[in-house]
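Let's take a walk through this fold, one piece at a time. Have the sequence and the model open side by side as you read.

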Amino acid sequence: MRVRFIRIDGSVSEVEAAPGARLLDVAQADGQPLEGTCEGQMACSTCHVIVDTADFDRLPRPSEDEEDMLDLAAGATRTSRLSCQIWLDETLDGLTVRIPGEVRNMQGR
């Protein structure tokens, strides 16, 4: 399956991803600047991405915990998600996400 990343500078990287892969891991393998400081434990927002509007409704709804962390993400939008919480499957083939231009690491406790 394919995933498209729109970098901060507007350039596009399209990569192959295996079904079952976590979007954060795919992004990091592609060299995208997503820290994932908490290693996918939903304790930070450093893996925040902005999902393309056309693709957003294909994703499962975020949990309340994810929404709480997104409230702390710099530059969050209506289609923001934590990439550590997106597990890829065939229904997400062609998913497009934008890497935000700013990052704020505010860990919730």
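Start at His-48, which sits across from Leu-82 in strand β4. Strands here are DSSP runs of E with at least two residues, helices are runs of H or I with at least four, and both are numbered from the N terminus. Before going further, a word on ground rules: this is a predicted model, where local features need pLDDT of at least 70, side-chain atom pairs count only at pLDDT 80 or more, and totals for chains, interfaces and linings use all residues. Residues are numbered from 1 along each chain as its sequence is written, and side-chain values use heavy atoms, with hydrogens and water left out.

Back to the sheet. β3 runs antiparallel to β4 (residues 80–82), with 3 bridges between them; two strands count as paired if DSSP finds at least two bridges. β3 also pairs with β5, again in the antiparallel sense, over 2 bridges, and Val-51 has Val-97 of β5 as its bridge partner. Both faces of β3 are covered: His-48 and Ile-50 are buried on one side, Val-49 and Val-51 on the other. Buried means under 20% relative accessible area, exposed means over 50%, and partly exposed is in between (1.4 Å probe, protein chains only).

Now for the greasy part. The largest nonpolar core has 26 residues, and Phe-5, Leu-23 and Leu-88 have the most contacts inside it. Such a core is a set of buried Ala, Val, Leu, Ile, Met, Phe, Trp, Tyr and Cys residues joined through side-chain atoms within 4.5 Å. Two or more residues come from each of β1 (2–6), α1 (23–29), β3 (48–51), α3 (64–70) and β5 (95–98), with α1 giving the most, at 4 residues. Leaving out residues up to four places away in sequence, Leu-23 touches several others, among them Phe-5, Val-49, Leu-88 and Val-97; contact means heavy atoms within 4.5 Å.

What about the cysteines? There are 0 disulfides, a disulfide being a pair of cysteine sulfur atoms within 2.5 Å. Cys-38 has its closest cysteine sulfur in Cys-44, but at 3.6 Å that is too far for a bond. Cys-84 is in no disulfide either, as its nearest cysteine sulfur, in Cys-47, lies 3.7 Å away. Cys-84 counts as buried because its relative accessibility is 3%.

Last stop: Asp-55, in helix α2 (residues 53–56).
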